Amino acid sequence: MFDLDSLNPQQRDAVSHTEGPLLLLAGAGSGKTRVITCRIVYLLQQRSVPAEQILAVTFTNKAAREMRERVEEMVGRKACKGMVIATFHSLCVRILKVHIERLGYKKNFSIYSAADQQQLVKRLLKDEIADATGKDAEQILWQISDAKSRLIDPEQFVSSSRDPISCLTALVYPRYQKELKAYNAVDFDDLLVLAVRLLEKNNDLLEHYQQHFRYQMVDEYQDTNPVQYRLLKLLADGHGNLCVVGDDDQSIYGFRGADVGTILNFEQDFSGTRLIKLEQNYRSSGNILTAANAVIKNNNKRKEKALWTADGAGRLVDYLICADDEDEACQVIERIHAELGRQPQLKYSDFAILYRTNTQSRAFEEQLRYENIPYVLIGGQQFFDRKEVKDVIAYLKVLVNPFDEVNLLRILNYPKRNIGATSADKLIRFSAETELPLWNVLLEPEQVPDLNPKTVEAISAFVQLLERYRYRFRQPLYLSDTLRELLEELKLAEEIYRQENDAQKARRRVENQEEVLNAMAAYLEREAEPSLVGFIEKVSLLDDDGPKKNDKEQKLAQNAVTMMSLHSSKGLEFPVVFLVGMEEGFLPHKKSIYETFDIDEERRLCYVGITRAQRQLVLLGAQQRRKYGKLEQREPSRFLVEIPEEVLVRCDSNTPQVTSPEQQAQSASNFFSGISALLGD
Ligand code: ATP
Ligand code: MG
């Protein structure tokens with residue numbers, strides 16, 4: 001049974017305020033997420049709200065998973081049946097799966113991955129400019145995504161374009177959207193945009209969902225973008241039972257269209273809002289909190305908060321000055337060993353290495369591997385991003401939706417089957433001229449001029465193979481057996497060995513394809529109503545937060561050091577945090593210094609990083625780094641100077657790593673002159 005007494009008075013207030021809009025605006029580690037989970041339990045147990053009327057939206061799959069687990073722990077699995085705890089994207093898929101036909105798509109629509117999108121835009125770009133690069137495609141996709149997050153349609157985009165890339169985007173965006181629809185495919189942003197359009201256009205559906213989700217909660221509300229906001233506004237209109245929790249100081253997705261104004265304006269947008277603030281932090285010890293408060297107070301536009309803790313001051317914050325990249329990695333490893341020696345209760349999974357950009361992970365990965373320390377890398381090249389895995393998934397996507405042209409082209413001649421690039425061009429041209437989907441062209445290849453008979457034969461065999469397996473995959477109980485037979489029939493393993501010179505690499509790639517089989521078998525075991533569509537949907541909705549790993553990696557992750565970007569670390573906590581690369585150019589990032597001039601968002605990132613630490617925070621920075629093979633001088637981050645000297649102890653890479661509190665105090669008094677010297681003051 002859930003006990004309200006385990007909460008402080010403000011948290012209790014938030015949990016038991018169940019009707020009408022509620023804004024919980026509070027600093028890091030003050031129990032916002034905990035309030036949401038307790039509120040769900042309270043609704044179920046004290047207010048007898050049926051589980052299916054509860055909707056909780058969080059930012060990542062991992063957060064959604066954890067939230068569900070916490071609620072299940074408190075009330076049992078059965079009581080949670082029908083409750084929706086989801087990310088924005090998976091909530092929208094849920095809605096679209098049932099109603100997308102009203103928007104002219106078919107129910108078996110494909111969700112395009114970033115790689116699928118790239119392929120499509122590259123093809124469209126080729127028609128516009130001959131020498132278009134992958135970078136152009138990336139920038140265009142970025143602009144399309146940005147437009148979609150602001151609900152700007154292709155037609156509206158035209159008028160706002162000025163710079164050269166925008167001009168290209170204005171040309172490509174309408175065609176991109178048209179092609180997607182023709183392929184019965186949607187991209188990630190479409191999931192949100194289409195759900196909003198669906199509810200805007202269909203009053204009956206809108207009313208249905210408003211009634212259905214009587215109690216709505218949103219975590220990390222400071223990072224909602226306009227399309228997400230619009231969705232929430234639509235769903236909550238009428239009853240207004242929307243509880244949002246967030247921290248304006250942790251708004252770190254401005255670069256993706258999130259608008260911190262959304263949380264600051266909540267009270268105006270939802271009349272009758274109850275505002276509750278939390279100020280007690282339960283996560284970090286005092287010195288860490290002092291550092292966090294001192295850094296964030298330098299931002300201007302923010303709601304003043306003063307986080308405090310009933311915990312003691314704890315250990316001082318360490319700042320390790322390292323010689324270069326390698327030294328920084330070694331320092332972290334040494335520290336991990338030292339801490340494990342001092343505190344035997346710690347596990348590898350109690351340590352996290354956080355950085356501003358994913359490329360910073362390389363030196364740490366090398367060193368951790370060298371030392372045989374298990375680690376998980378979140379957000380790097382992930383399992384489902386690997387080429388050989390994408391090839392298998394492409395087959396499955398086409399089996400679900402044969403109009404998915406991007407994936408159809410990917411597998412058309414993979415493995416090699418006599419349908420080379422010239423033949424593919426002829427097929428594409430014919431499809432464009434006749435306005436027939438490529439799949440329909442493949443069904444009757446004889447109509448295509450100049451195709452040689454061998455190719456026609458190969459195409460027919462390819463189509464027959466797909467048709468055969470499409471039929472067989474309809475048997476949900478045999479999904480993984482069918483996939484195994486498909487892989488064997490395609491002889492993909494042989495193809496890999498033919499293409500890959502390095503036998504070891506080839507073996508790993510074949511194993512990765514086998515892991516898709518394992519993933520499918522695991523999916524079969526878990527799901528009450530498995531289907532190929534369901535499996536593909538699960539794979540498509542995996543986000544940057546992982547775990548997009550194979551089984552072996554998953555097991556390893558249970559006691560492994562976590563490495564991830566500051567963005568991915570939102571909402572999480574670790575006993576020991578290494579915040580690395582505390583240098584100008586990394587944090588704040590050079591883009592914010594020289595291009596966007598938005599140092600405040602960088603400071604918020606720094607604040608997010610600091611406040612992930614529970615017991616110990618170690619900041620690191622290098623004096624030099626290698627760039628294109630040359631050594632480059634680095635300057636300490638300006639945020640270091642904002643941390644009061646009494647809580648920070650500076651250690652040179654030559655001084656002893658683990659210091660006693662007295663030594664720490666002594667070093668602290670020497671610190672400020674050290675920083676100034678480094679800054680060249
Ligand atoms: P963030 O801003 O980083 O998302 P948050 O405000 O969501 O943080 P939580 O993750 O909910 O904070 O809580 C931080 C930690 O404090 C968790 O370990 C949580 O269990 C603990 N905690 C929260 N409230 C209390 C409380 N009243 N008593 C004891 N522990 C608490
Ligand atoms: Mg939280």
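Glu339 is buried, with a relative accessible area of 0%. In this predicted model, Glu339 forms a salt bridge with Arg342, and the closest N and O atoms are 3.7 Å apart. Both residues belong to helix H15 (residues 325–342), where they sit three residues apart, about one turn of the helix. Arg342 has a relative accessibility of 43%, so it counts as partly exposed.

Helix H21 (residues 453–472) holds another pair, Arg470 and Glu467; because they are three residues apart, about one helical turn separates them. Their salt bridge has its closest N and O atoms 3.2 Å apart. Here Arg470 counts as buried, at 15% relative accessibility, while Glu467 is partly exposed at 35%.

Side chains of opposite charge can pair when their charged atoms come close. The whole structure contains 52 salt bridges. One of them joins the side chains of Glu304 and Arg302, at 3.9 Å from N to O.

The Asn512 side chain contacts the side chain of Glu388 at 2.9 Å. Asn512 has 10% relative accessibility and so counts as buried.

**The ligand site**

Ligand 1 has 19 residues around it, and those that come nearest are Lys32, Thr33, Arg283, Glu573 and Arg612. By class, the shell consists of three nonpolar, ten polar and six charged residues. Helix H2 (residues 32–45) gives the most to this shell, with three residues. Domain 1 (4–96 + 196–278) and domain 3 (286–380 + 553–679) each supply at least three residues to the shell.

| Residue | Protein atom | Ligand 1 atom | Distance |
|---|---|---|---|
| Gln11 | polar side-chain atom | nitrogen | 2.8 Å |
| Gly31 | backbone N or O | oxygen | 3.1 Å |
| Thr33 | side-chain N or O | oxygen | 2.8 Å |

On its own, ligand 1 has 640 Å² of accessible area, and the protein covers 85% of it.

Note on methods. Residues numbered from 1 in each chain as written. Chains lettered and ligands numbered in written order. Predicted model: local features only at pLDDT ≥ 70, side-chain atom pairs only at ≥ 80, totals over all residues. Heavy atoms only, no water. Near = heavy atom within 4 Å. Polar contact = N/O pair within 3.5 Å; in protein donor to acceptor, adjacent residues only side chain to side chain. Areas by Shrake-Rupley, 256 points an atom, 1.4 Å probe, with all protein chains shown as cover. Helix = DSSP H or I, 4+ residues; strand = E, 2+ residues; numbered from the N terminus. Nonpolar A, V, L, I, M, F, W, Y, C, P; charged D, E, K, R; others polar. Domains from an automatic or database assignment. Buried < 20%, exposed > 50% of the residue type's maximum accessible area, 1.4 Å probe, protein only. Salt bridge = Lys/Arg side-chain N within 4 Å of Asp/Glu carboxyl O.
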